[in-house]
Amino acid sequence: MITLKQALKLNKDELNKFKEELKAKIEDRPELNAYIDVNSTGDGVPIAIKDNIQVKDWAVTSGSNILQGYIAPYNATVIEKMTNAGLSPFGRTNMDEFAMGSTTESSFYGKTQNPHNSEYVPGGSSGGSAAAVGAGLAIAALGSDTGGSIRQPASFCGIVGMKPTYGRVSRYGLGAYASSLDQIGPMTQNIEDAAILYDIISGHDEKDSTSTDNNDKVSDKLNATRKLKVAVLSKHILDASDDVKKAYKEAIEALEIQGHGIIEKELMDAKFDISAYYITATAEATTNLARYDGIRYGNRVTGTNLQDTYIKTRSEGFGDEVKRRILLGNFVLSSGYYEAYYVKAQKTRHIIKDQYNAIFKDVDLILSPIAPGIAPKFGEFKNPMDMYLSDLYSISVNLAGLPALCLPINKSKNGMPIGLQLIAKAYDEQTLFDGALSLEKQINYQK
Ligand code: GLN
């Protein structure tokens with residue numbers, strides 16, 4: 001597959017021809033189910049779009065039954081920015097319902113396969129975007145990351161996935177899951193493409209009050225020769241599989257060869273991250289999903305009166321995982337438990353942020369796993385708790401609002417990709433991309 005950088009040099013005719021071929025290739029692989037639709041708008045470089053990002057006049061359903069029939073009335077800011085830069089939305093990609101999940105098994109449209117082995121999940125929630133890029137069925141894609149949903153599927157599908165600093169990319173037109181954690185980001189074949197796409201979609205937006213007014217760009221200043229200080233977390237990785245530990249060791253060696261300094265650091269027990277995240281995310285999700293009542297958006301199941309219509313619509317429209325989180329979110333926000341759960345989670349969130357700030361006094365980047373192992377097989381998570389616990393390496397980054405990037409390092413014995421993430425200080429995307437580029441060069445990952 002040509003890279004984004006190469007595709008940006010093609011003329012209109014070449015792009016149209018490329019799109020025809022791409023469409024045929026996608027239609028040849030229906031079993032992958034990376035795309036739920038192959039819509040195309042505009043004549044720019046085609047970029048696959050996760051089904052929770054609004055493209056004017058396209059259906060947008062966040063992988064849910066409740067939003068069937070809903071057509072986006074306007075473009076998300078990222079789509080406007082892409083279009084202005086010569087890119088065009090091409091195809092909607094599959095995802096966990098309302099971005100809640102780590103496997104893409106909870107989509108209304110059925111599961112997406114991992115392009116490396118059809119018995120394995122592609123990761124989630126941006127599993128369709130990751131599978132599309134990993135299978136050579138997209139030049140690049142947009143995903144969203146609330147607690148790892150760009151980086152973790154990137155790792156499982158052997159591609160690059162980047163979550164920007166909170167506020168760098170406008171959330172206007174993104175279907176909200178947990179508003180204080182959500183960020184849209186690039187999913188690409190390599191680091192340089194990720195930097196190019198990040199530059200295109202980032203920047204201030206007056207339509208998003210949490211958007212920063214900092215408009216720094218990174219791609220024309222990429223520098224893989226900077227010597228950086230990188231924190232490694234020997235204790236933190238003890239919970240990872242042997243495959244991941246091996247990849248971690250190789251990445252440290254590669255960083256050393258590239259002349260970076262390695263410094264040992266520690267993070268607090270990830271069980272606090274998981275509790276703080278699942279309380280915060282479900283509390284915000286409960287509030288955000290209250291708007292889907294059958295009156296204003298998508299599907300309606302008409303009941304005997306208004307209340308009955310709400311109940312029937314929501315009972316039939318939402319899947320089990322979404323319902324579970326709505327219940328949990330309402331519980332942690334209820335008057336009797338608000339202090340004990342929600343407020344405590346916010347305090348924990350501050351402690352998590354403080355520990356990162358302390359580490360970043362001494363280093364430029366942190367090297368961390370993104371998931372405890374390779375992609376699980378379909379149905380491997382026997383209960384929701386197993387799935388939540390598998391988020392231990394990804395979610396603290398969102399709680400602290402930091403930028404992070406996952407890149408492929410090697411493969412397990414059975415050929416499944418393993419990625420690792422680099423984490424940087426808030427707003428220091430330049431260092432994140434510079435360090436990642438140097439690691440990518442040294443590792444020389446073979447697809
Ligand atoms: N797996 C996490 C969750 O289910 C993260 C999902 C995401 O980043 N959207 O909440």
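Predicted model: local features only at pLDDT ≥ 70, side-chain atom pairs only at ≥ 80, totals over all residues.

Visitor: At what angle do the axes of α7 and α14 cross?

Guide: The axes of α7 (residues 242–257) and α14 (residues 429–443) cross at roughly 105 degrees and come within 9 Å. Angles of 65 to 115 degrees count as roughly perpendicular, and α7 and α14 are therefore roughly perpendicular to each other.

Visitor: What about α8 and α10: how do their axes cross?

Guide: Helix α8 spans residues 270–288 and helix α10 residues 320–333; their axes cross at roughly 100 degrees and come within 7 Å. This pair is therefore roughly perpendicular as well.

Visitor: Which residues of α8 and α10 meet?

Guide: On the α8 side they are Ile-279, Thr-282, Ala-283, Ala-285 and Thr-286. Their partners in α10 are Arg-325, Ile-326, Leu-328, Gly-329, Asn-330, Val-332 and Leu-333. By class, the contact of α8 with α10 comprises 7 nonpolar, 4 polar and 1 charged residues.

Visitor: Changing topic: which residues of α3 are buried?

Guide: In α3 (residues 77–84), the buried residues are Thr-77, Val-78, Ile-79 and Met-82. The elements covering them include the strands β2 (45–50), β3 (87–93), β4 (140–145) and β6 (183–188), together with helix α6 (191–201).

Visitor: And what follows α3?

Guide: Gly-86 follows α3, and its phi is positive, near 90 degrees.

Visitor: Which residues are closest to the ligand?

Guide: The closest are Ala-99, Ser-102, Thr-146, Gly-147 and Ser-149, among 13 residues that surround the ligand. The shell around the ligand divides into 4 nonpolar, 7 polar and 2 charged residues.

Visitor: Now the whole chain: how many helices and strands does it have?

Guide: The protein chain has 14 helices and 11 strands. Its radius of gyration is 20 Å, close to the 22 Å that the globule rule gives for 447 residues, so the chain is as compact as a globular protein of that length. Along the principal axes, the C-alpha atoms fill a box of roughly 70 × 60 × 45 Å.

Visitor: What share of the residues counts as buried?

Guide: Of the 447 residues, 54% count as buried. As for contacts with a separation of 6 or more, 75% are between residues 24 or more positions apart.

Terms used
Residues numbered from 1 in each chain as written. Near = placed C-beta within 6 Å. Nonpolar A, V, L, I, M, F, W, Y, C, P; charged D, E, K, R; others polar. Axes fitted to C-alpha atoms, helices over the stretch in contact; angles between N-to-C directions. Helix = DSSP H or I, 4+ residues; strand = E, 2+ residues; numbered from the N terminus. Parallel < 35°, antiparallel > 145°, perpendicular 65-115°, else oblique. Contact = placed C-beta atoms within 7 Å. Rg over C-alpha atoms; globule rule 2.2 N^0.38 Å. Buried ≥ 20, exposed ≤ 12 C-beta atoms within 10 Å, placed from the backbone.
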